[in-house]
Amino acid sequence: MRAPVGGLFLGLDSSTQSLKAIAVDDDLRVVYENSANFDTELPAFGTRGGAHQHPDGVTVTSPPLMWVAALDLLLAKMAGDKFPFMKVVAIGGSGQQHGSVWLKRNARDVLRNLDAARPLSEQLEGVFSVDASPIWMDSSTGHQCRELEKALGGAQAVADLTGSRAYERFTGNQIAKIWQTRPRDYDNTDRIALVSSFMASLLTGDYAPIDLSDGSGMNLLGIRSRTWSAAALDHTAPGLAARLGAPVPSHSVVGVVQPYFANKYGFWRQCAVVAFSGDNPNSLAGLRLQRPGDVAISLGTSDTMFGSSSNPAPSGSEGHVFVSPIEPGAFMVMIVRKNGSLTREKVRDASAGGSWEDFNEAIARTPPGNDGCISLHVDQPEITPPLGRTGVYRLDGRDRVVSVFQPAAEVRAVVEGSFLSMRIHGAGIGLKPTSILATGGASANMEMVRVMSNVFGVPVLVGEQANSAALGAAYRARHGWACAAAGRFIPFDEALPGAAPFRRAAVPDPAAHAVYTAMLGRYERLEREAGV
Ligand code: 5FX
């Protein structure tokens, strides 16, 4: 579907630390990027990393008014750059997942009647029934998670229904906590939005619906029925369905920009707003992981593996299944390994003299399969697989537990171990890659990319674009607009003709792949033993 000549699609990403914008043109080229950092550019809110850590060590919140102020700030910066708001055909958006925004009864009126002569934050100041929004870093709801799993028949039952076992950061458990501990604030709440749907609400001037993909991060949505689960809602808090509103497919146009933005910044009055979604779903869109088997591995502080799946297998112990943000009948599957780049850096420092060059050279000079030497580093309690006890576990080629390998074997083992683990646990939840897009810091490391390709037995691709969530939001703006213009659902890739292809960085060596396949059983055993 061709876009109007000269038209732009804008993606906004309200992430944990900043609000970012990316605009793409009708040829899908990135033509503009900007951002507003919460800590440094909105210091009055006193956040660190965009959040407030509470003294109890488990509660983490952000001031929702900061997200409001950031929107005006970012748009003002764009106006300073003479950004052509009038050319924006549609806006899409991304928000950190799981965070909730609690709106009082007066909020809808305020949203509908914003005055372009006054800052947004001044007008929205009094609309929050909870002025410290719980965000994804919060882990204070262990009690509520246990109760949900008890009420719905156990962790696996919750995962089968909602895509994930009960997680502390998931919004339903946060809602249960607020209902239990602050019933008056709950009663005063007219609407509970996610960060994503809240940002869309500001733009449309009304409550914008939660989209099905971000809605899957709440432990409240039936991922197969694609509606709120009555059992989960009833257990969580009274009158919740009305407070959430009905969820919509992620490609839905949820409104047009309200006059505030047209009058103040010069947006086109018919500029469409496409449902905002979570940052991870938007990254999937930004990386165009459309077909089942299209998988990305992001190597960062945490390593994440996510992709499209038509037949996911939700797990009662690890990983997440979300409704796909780009293909309403499909799913997005995601696993997170906590011991990522910090662990690799630790091994680099201990076994490669602190040099990435020596680290890579060690990989190059050791054989695939490392002569049977395998390791599992649990420097921090691991999420996938769930391992509470920290330590480093090693087996040598004769299956003996050892406390150290030769330095080069130590390096290869940490890299191979992380990919073997991702292969095992990805497959366990329905992620079977046919190709892998490598992103994040370590993806520029060709030795690691080669190991990745051989472990999974598929080609590894790399792309240039950072900020995949904001880019995905811009792509989804284009997709939602194309579906609305056609009056029917259009496949994501048809809505993005001519998007730049990714570059093939490695192809698997069948012999090396066979070595890794034969190692899977031993690696699973190592993980099991680390959990005992
Ligand atoms: C996903 O489940 C997470 O909690 C994080 O990746 C947040 O979405 C970060 F914003």
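This is a predicted model: local features need pLDDT of at least 70, side-chain atom pairs count only at pLDDT 80 or more; totals for chains, interfaces and linings use all residues.
View 1. A polar side-chain atom of Arg169 is placed 2.8 Å from an oxygen atom of the ligand. In the side chain of His98, an N or O atom is 2.6 Å from an oxygen atom of the ligand. The side chain of Asp279 likewise has an N or O atom 2.7 Å from a ligand oxygen atom. Of the 290 Å² of accessible area that the ligand has on its own, the protein covers 87%.

**View 2. The shell of residues around the ligand.** Thr16, Gln96, Gln97, His98, Trp136, Arg169, Asp279, Asn280 and Met334 surround the ligand. By residue class, this shell holds 5 polar, 2 nonpolar and 2 charged residues.

**View 3. An open sheet of 7 strands.** The strands follow the order β18-β19-β17-β16-β22-β23-β24, and their pairing is mixed. At the edges are β18 (320-323) and β24 (503-506), each of which pairs on one side only. On average, neighbouring strands of this sheet are turned by 30° against each other, direction ignored. In general, the strands of a sheet pair through backbone hydrogen bonds, in either a parallel or an antiparallel manner.

**View 4. The pairing of β18 with β19.** Strand β19 spans residues 331-337 and is joined to β18 by 4 bridges. The two strands run antiparallel. Phe322 has Met332 of β19 standing opposite.

**View 5. Helix α18 against strands of the sheet.** Helix α18, formed by residues 446-456, lies across β16 (294-299), β17 (303-309), β22 (435-439), β23 (460-462) and β24. Relative to β24, helix α18 runs at about 85°.

**View 6. An open sheet of 3 strands.** The order of the strands is β4-β5-β9, with antiparallel pairing. The edge positions belong to β4 (52-53) and β9 (133-134), and each of these strands pairs on one side only. Between β4 and β5 (residues 60-62), 2 bridges are formed in the antiparallel sense. His52 has Thr61 in β5 as its bridge partner.

**View 7. A cis peptide bond at Pro385.** The bond that leads from Thr384 to Pro385 is cis, and its omega is near -5°. Pro385 is placed in the loop between β20 (374-378) and β21 (391-395).

**View 8. A positive phi value at Lys82.** Lys82 is a residue other than glycine, yet its phi is positive, near 60°. The loop that contains Lys82 runs between α2 (64-80) and β6 (88-95).

Technical notes:
Residues are numbered from 1 along each chain as its sequence is written. Side-chain values use heavy atoms; hydrogens and water are left out. A residue is near a molecule or strand if one of its heavy atoms lies within 4 Å of it. A polar contact is a pair of N or O atoms within 3.5 Å; within protein, one must be able to donate a hydrogen and the other to accept it, and residues adjacent in sequence count only if both atoms are side-chain atoms. Accessible areas come from the Shrake-Rupley method with a 1.4 Å probe; for residues, only the protein chains shown count as cover. Ala, Val, Leu, Ile, Met, Phe, Trp, Tyr, Cys and Pro count as nonpolar, Asp, Glu, Lys and Arg as charged, and the others, Gly among them, as polar. Two strands pair if DSSP finds at least two bridges between them. Axes are lines fitted to C-alpha atoms, for helices over the stretch in contact, and angles run from 0 to 180 degrees between N-to-C directions. Contact means heavy atoms within 4.5 Å.
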